[in-house]
Amino acid sequence: MQRYFTITQLTQEFDITTRTLRFYEAQGLVSPTRRGRQRLYTPGDRTRIKLILRGKRLGFSLNEIREMIEMYASAPGETGQLRLLLDKIEVRREELLEKQRDIELTLLELDEVEAGARTRISELDVNATSEDA
């Protein structure tokens with residue numbers, strides 16, 4: 001296994017910008033070693049970046065992601081981290097289901113408004129045609 005990763009290697013691997021990595025560093029989520037001006041990331045930092053990006057894709061905030069990552073390193077360790085993750089997944093799922101219900105209702109309303117508009121256009125076209133006759 002590789003001992004260190006450069007910022008270029010990680011930005012290319014994860015398709016993120018150097019600015020993003022520096023932001024995660026400023027937030028205390030990763031702690032690269034410095035060799036002069038060069039940042040060197042450990043395999044642990046690489047794993048944290050992977051977890052951060054997965055958490056972001058799932059819709060978790062950086063604070064929630066930090067909480068889950070930090071829990072792994074302290075008691076109750078991985079079990080506590082996994083329980084916290086399950087709790088957060090449940091909350092996130094409920095938020096998404098509520099948004100889904102809202103979207104479905106909005107789509108139904110749009111269908112009704114569209115049908116009404118199409119009906120009214122047809123009525124206006126019929127009236128215009130009969131007035132021309």
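## Ile49 and its surroundings

Ile49 is in contact with Leu10, Phe14, Ile16, Leu21 and Val30, leaving aside its neighbours within four places in sequence. The model discussed here is a predicted one.

Ile49 also belongs to the largest nonpolar core, a set of 19 residues. Ile49 is among the residues with the most contacts inside this core, and the others named with it are Leu10, Leu21, Tyr24, Tyr41 and Ile52. At least two residues of the core are supplied by each of α1 (7–14), α2 (18–26), α3 (43–57) and α4 (62–73). The largest share, 4 residues, comes from α4.

## Packing of α1 and α3

Two packed helices are described by the angle between their axes and the distance between the axes. For α1 and α3 the angle is about 30 degrees, and the axes are 12 Å apart. The two helices therefore count as roughly parallel, because the cut-off for that class is an angle under 35 degrees. The crossing of α1 past α3 is right-handed.

On the α1 side, the contact is made by Leu10, Glu13 and Phe14. On the α3 side, Arg46, Ile49, Lys50 and Leu53 take part.

## The aromatic pair

The structure holds 1 aromatic pair. Its members are Phe23 and Tyr24, with ring centres 6.2 Å apart and planes at 55 degrees, a tilted arrangement.

The two partners are placed in unlike surroundings. Tyr24 counts as buried, because its relative accessibility is 5% and the limit for buried is under 20%. Phe23 has a relative accessible area of 40% and is partly exposed.

Asp15 lies in the loop between α1 and α2. Its phi is near 55 degrees, a positive value in a residue other than glycine. Asp15 counts as exposed, because its relative accessibility is 70% and exposed means over 50%.

## Arg92 in α5

Arg92 is located in helix α5, which covers residues 77–132. With a relative accessibility of 17%, Arg92 counts as buried, because this value falls under the 20% limit. Leaving aside neighbours within four places in sequence, Arg92 is in contact with Leu58, Gly59, Phe60 and Lys99.

Key: Residues numbered from 1 in each chain as written. Predicted model: local features only at pLDDT ≥ 70, side-chain atom pairs only at ≥ 80, totals over all residues. Heavy atoms only, no water. Core = buried A, V, L, I, M, F, W, Y, C linked by side-chain atoms within 4.5 Å. Buried < 20%, exposed > 50% of the residue type's maximum accessible area, 1.4 Å probe, protein only. Contact = heavy atoms within 4.5 Å. Phe/Tyr/Trp six-rings, centres within 6.5 Å; stacked < 30°, edge-to-face > 60°. Axes fitted to C-alpha atoms, helices over the stretch in contact; angles between N-to-C directions. Parallel < 35°, antiparallel > 145°, perpendicular 65-115°, else oblique. Left-handed = near helix turned anticlockwise from the far one by under 90°.
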